[in-house]
Amino acid sequence: MAQFIDRRLNGKNKSAVNRQRFLRRHKEQIKESVADAVNRRSITNTETGEDVTIPHKDIKEPSFHQGQGGRRERVHPGNDQFITGDKIERPKGGGQGGGQGGGSGEGDASPDGEGQDEFTFQISKDEYLDILFEDLALPNLEKNQVNKITEWKTHRSGYQSAGIPSNIAIVRSLQQSLARRTAMTAGKRRELNLLMEQLDQVKMTEPAQPFEESRLKEEIAELRKKIESVPFIDTFDLRYKNYEKRPIPSSQAVMFCLMDVSGSMDQATKDIAKRFYVLLYLFLNRTYENVDVVFIRHHTQAKEVDEHEFFYSQETGGTIVSSALKLMNEIVADRYPAGEWNIYAAQASDGDNWADDSPRCKELLVKKLLPTCQYYSYIEITRRSHQTLWHEYEKLESSFDNFAMKNIKTVEDIFPVFRELFQKETA
C-alpha cells in the first residue's frame, strides 16, 4: 500500500500565496471597504470577517492577443432573426444594470437590470483586524520593555550524576551500567575464552593430564567468580534528568474602563462608550499576551462591577468623577503594581461633574495615575458645549505625552477618534 506525503508549503491551501498577492495588489480598495464596514456594523462584532467589494474593472488582468496586422480569413456566424435596418427592443427592466451587458442590450444583461460590475469576496477575522489596526500603535510602547514580567519555564537539559530519586533516568542509567560492566569484564572474558580453549585441548590430549586440567578449571572458576562479582548496577551508573529554568519574557496589561452612569448618561451614550472600549480591548490583545479588564462605574460614588452591570445598570443622581479615579488608584496599588503591569485607562463621560470636583480630578491624574499609566484616554460623548471637566483636562495635554482626550458626538466618530488617539508616530 503506497502512502503519499504532501510536503509542499501550501499543500492544503494552495491558493494562499495568490490570495496574499491579491490582497496586497488591491490593498487600497480593501482598506476603504473595511473603513466603510466599521460604520455599517457594530464594532463588537469581531468574530467574523467582512465582505469586501471591488469594482470589476479594477481586477482585470492584462492579456495578450493577436494584433490587427497581416492577412487572415475568418468565417463569422450569421443570424436568422435580423436583417439590416431592423430595430432591437431594449431589455426588460430599463437596462439600468452596469458592467458586462448591464445596459447595452447584450446577452449578459440580467432580467432585473443588475450587471456584473462588482467583485465581492470574504476576508477572514484576522485579515479584517490586521487592516483595521494597520496604521495604529500603542503609545509609549518603548516603556513596556521595562515593565515586562520575566516568567521562568522548566526545560530538560541533559543528564547529571546527582539528583533526587524521582528524577532517575532508568534507560540512561542502564546504559551506563552496561558500559561499565562491559569495560570491567571485557579482558576477563577474553582470558576466560582462552582458558576454555586450552581446557578443550587438554581434554583431547593423550595421555590424560589431570593436573593441568584441574589447574585450568580452577582458573576458569576464579575468572567466572570475578566476572559475576561485578555489580549489575552501581551508584556510579545512576544518571538523573537535569532541568533548568529559562526566562520567558511575557507582557501583560490591565485595562481600566471608567464610566459615568449618572442620570445624564442614557443607554445610547453607554453603547457608544462600549464600542470604544471593545476597540481598545481588541487593540491591546494584539500586543499583550494577557489583558485584564477592570470596570469602574460611578455617579456620586464609584464601584467596581462586572461588564453587564457596567453597561446596563440604571442610576440616578449627580456626578463626582474623582470617586472613580480614587478607586482606580486603590486597585492599582492593591493588585496591579506598575513595575509588573502595563496600565491603560479609558474614561468615558458626557462631561457632567460637580464644578468643585474637576480640579480634584486633575490633581489625582497628575499625582497618582498618569505617572503609573502607559496611556490614559478621556472621551467625552456629548453634542453640548464642554464644561469644567473638559477644561481641566485640557491643561494636561501639553504636559503629559501619555494623556489624550477627544470628543465623540455620534457612532460614526468612534473609529476615526480611536485612530487619532492611537495613530503611529511618524518621524
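## Getting started

An axis here is a line fitted to C-alpha atoms, for helices over the stretch in contact, and angles run from 0 to 180 degrees between N-to-C directions. Helices (H or I, at least four residues) and strands (E, at least two) are DSSP runs, numbered from the N terminus.

What you're looking at is a predicted model, where local features need pLDDT of at least 70, side-chain atom pairs count only at pLDDT 80 or more, and totals for chains, interfaces and linings use all residues. Residues are numbered from 1 along each chain as its sequence is written, and side-chain values use heavy atoms, with hydrogens and water left out.

## The whole chain

Let's start with the big picture. You'll find twelve helices and ten strands in the chain. Of its 427 residues, 35% count as buried (under 20% relative accessible area; exposed is over 50%, partly exposed in between, with a 1.4 Å probe and protein chains only). Now take the contacts (heavy atoms within 4.5 Å) with a separation of 6 or more: 78% of them come from residues 24 or more positions apart.

## The sheet

Six strands make an open sheet with mixed pairing, and the order is S7-S6-S5-S8-S9-S10. Two strands pair if DSSP finds at least two bridges between them. At the edges sit S7 (302–305) and S10 (403–408), each pairing on one side only. On average, neighbouring strands of this sheet are turned by 20° against each other, direction ignored.

## Strand S8 and its neighbours

Strand S8 (residues 342–349) runs parallel to S9 (residues 375–381), with six bridges joining them. S8 also runs parallel to S5, this time with seven bridges. Gln347 of S8 is the bridge partner of Leu258, and Gln347 stands opposite Tyr378 in S9 as well. Tyr344 has its own bridge partner in S9, namely Tyr375.

Helix H7 (residues 267–285) lies across S5 (252–260), S6 (290–298), S8, S9 and S10, running at about 175° to S5. Helix H9 (residues 322–335) packs on the sheet too, touching S5, S6, S7, S8 and S9, and its direction makes about 145° with that of S6.

## Helix meets helix

Two packed helices are described by the angle between their axes and the distance between the axes. For H9 and H10 (residues 358–369), the axes come within 9 Å and cross at roughly 15°. H9 and H10 are therefore roughly parallel (under 35 degrees; over 145 is roughly antiparallel, 65 to 115 roughly perpendicular, and the rest oblique). Their crossing is left-handed, as the near helix is turned anticlockwise from the far one by less than a right angle (clockwise would be right-handed). Residues in this contact include Leu325 and Met328 of H9 and Leu364 and Leu365 of H10.

H7 has a helix partner as well: its axis and that of H12 (residues 414–421) come within 10 Å and cross at roughly 40°. That makes H7 oblique to H12, and the crossing is right-handed. Among the residues in contact are Phe276 and Phe283 of H7 and Phe415 and Phe418 of H12.
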